[in-house]
Amino acid sequence: MIKLKNIVKTYDTPNGSVHALKDINLEIKRGEIYGIIGLSGAGKSTLVRCINMLERPTSGNVIVNGKDLTTMTESQLREARKDIGMIFQHFNLLSTSTVYDNIAFPLKLAGKSKEEIKAKVEPLLKLVGLENKAHQYPSQLSGGQKQRVGIARALANDTKVLLCDEATSALDPQTTKAILELIRDINKKLQLTVVVITHEMQVIKDLCDKVAVLDHGVIAENGTVLEIFTNPKEPITKEFMSVLSSNELPAAYRNGKVHKEYIKDATMLLRLTFIGESADNPVIAGLIRKFPELDISILFGDLSQIQMVQFGRMIIGLDGKEDQIKDAIKSLMEQDLKVEVIGYVQRRTHATA
Ligand SMILES: Nc1ncnc2c1ncn2[C@@H]1O[C@H](COP(=O)(O)OP(=O)(O)O)[C@@H](O)[C@H]1O
Ligand SMILES: [Mg+2]
């Protein structure tokens, strides 16, 4: 549905050239929800603005729905842009227009009649759950309701692609969840292709099918959300993941130096990742039964779902003899789960002020 080929975007500024995007290649299929995550300044907004040509790439091709936007005239582009809707962090609504008129705005621009507009706007109001707010003004709405108006407006022209630039970054966590659910719901109902720009891994986890990690204008890695979450490869991806699971270790371990080699009276820390059915296996019970002399402690545990697949993470501590610890790790590795050795950490049993 969307193909980006060798996209380069360089801004010339008085202080020299800014290389915002360097040779981006990306393919987004029809009906996919594709996340693009990156730190501030990574080039996310530039990338998403290249997709609807609000920003013209310095070189490369943008192909949407089989048509190359980079070779179009302005009037062809205006027509092609009707397929692409966009929502923003700060909603960008017309403050002097009602909800109804905000949603009707792109239809008026397209020269539709009053009746045609009504026939479009009413079902859209219903779709985003604002039937009873049609005649209110943006200032009378909550942030979540404003974004619902933004979404309805973005869909008014029978849009095929929805671009979301930090669409939930100004919203509280509960409202974010509701808006993400709405986007997912609309994606299914309308077979809409969605591109989600965010700096939050949680948004990727809750909403997206696939994700690309953008770092200094380059795609560091991309894949299905499940692949990236269960097996992040690049340091930048691991950093985003660690935000999601920050503070996963109890305080007594958090600041201890991690030793690669066995040290006496230290705890061996292991991170276990369970995917799919392996999340149901009694792994810890099995370990206790097999190694009764080891002390096994669960230091962190989390079970969630990514794209309907169970995804569990756990950090356990093993205390005991070195050879037994090694055998226990080996036994875990033979099972259907991912085992990462964090290292040996001296436990500080007495908290110091
Ligand atoms: N119009 C512009 N003129 C000059 N530099 C720009 C312009 N827009 C963005 N940039 C620069 O391009 C880089 C990427 O910006 P942006 O795409 O907004 O990143 P993000 O959305 O990931 O925070 C930044 O270094 C930014 O300063
Ligand atoms: Mg941005």
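In the predicted model, Tyr11 stands opposite Val18 of strand S2. This pair belongs to the antiparallel pairing of S1 (residues 2–13) with S2 (residues 16–28), which runs over nine bridges. A hairpin of two residues connects S1 to S2.

S1 also pairs with strand S4 (residues 59–64), again in the antiparallel sense, here over five bridges. Ile2 faces Val64 of S4 across this pairing. Val64 also has a bridge partner in S5, namely Lys67. S4 and S5 are antiparallel and share two bridges. Together these strands form an open sheet of four, in the order S2-S1-S4-S5, with antiparallel pairing. S2 and S5 (67–68) lie at the edges and have a single partner strand each, so one side of each is left without a neighbour in the sheet. In general, strands of a sheet pair through backbone hydrogen bonds, in either the parallel or the antiparallel sense.

Lys9 and Glu55 form a salt bridge, with an N to O distance of 3.9 Å. The two residues are 46 apart in the chain and link distant parts of it. Lys9 is in strand S1, whereas Glu55 is in the loop between helix H1 (44–51) and S4. In the whole structure, 15 salt bridges are found.

A second open sheet was also examined. Five strands make up this sheet, in the order S11-S15-S12-S14-S13, with antiparallel pairing. Its edge strands are S11 (258–259) and S13 (295–306), each of which pairs on one side only. Within the sheet, S12 (residues 267–275) and S15 (residues 338–345) are antiparallel partners over seven bridges. Thr273 has Lys338 of S15 as its bridge partner. In a regular strand, side chains alternate between the two faces of the sheet.

At the level of domains, the protein chain divides into domain 1 (2–244) and domain 2 (251–345). The contact between them draws nine residues from domain 1 and seven residues from domain 2. The centres of domain 1 and domain 2, taken over C-alpha atoms, are 40 Å apart.

Interface size is often expressed as the accessible area lost when the parts come together. Between domain 1 and domain 2, the buried area is about 800 Å². Carbon and sulfur atoms give 63% of this area. On the domain 1 side, Lys205, Leu226 and Thr230 supply 64% of the area buried against domain 2, more than any other three residues.

Which kinds of polar pairing cross this interface? One residue pair is in polar contact across the interface of domain 1 and domain 2, with both residues at pLDDT 80 or more. Salt bridges across the interface number zero. Helix H8 (residues 225–230) gives the most to the side of domain 1 that touches domain 2, with four residues. By class, that side of domain 1 has four nonpolar, two polar and three charged residues.

Note on methods. Residues are numbered from 1 along each chain as its sequence is written. Chains are lettered from A and ligands numbered from 1 in the order in which they are written. This is a predicted model: local features need pLDDT of at least 70, side-chain atom pairs count only at pLDDT 80 or more; totals for chains, interfaces and linings use all residues. Side-chain values use heavy atoms; hydrogens and water are left out. Domain bounds come from an automatic or database domain assignment. Contact means heavy atoms within 4.5 Å. Buried area is the accessible area (1.4 Å probe) that two parts lose on being put together, summed over both. A salt bridge is a side-chain nitrogen of Lys or Arg within 4 Å of a carboxyl oxygen of Asp or Glu. A polar contact is a pair of N or O atoms within 3.5 Å; within protein, one must be able to donate a hydrogen and the other to accept it, and residues adjacent in sequence count only if both atoms are side-chain atoms. Ala, Val, Leu, Ile, Met, Phe, Trp, Tyr, Cys and Pro count as nonpolar, Asp, Glu, Lys and Arg as charged, and the others, Gly among them, as polar. Two strands pair if DSSP finds at least two bridges between them.
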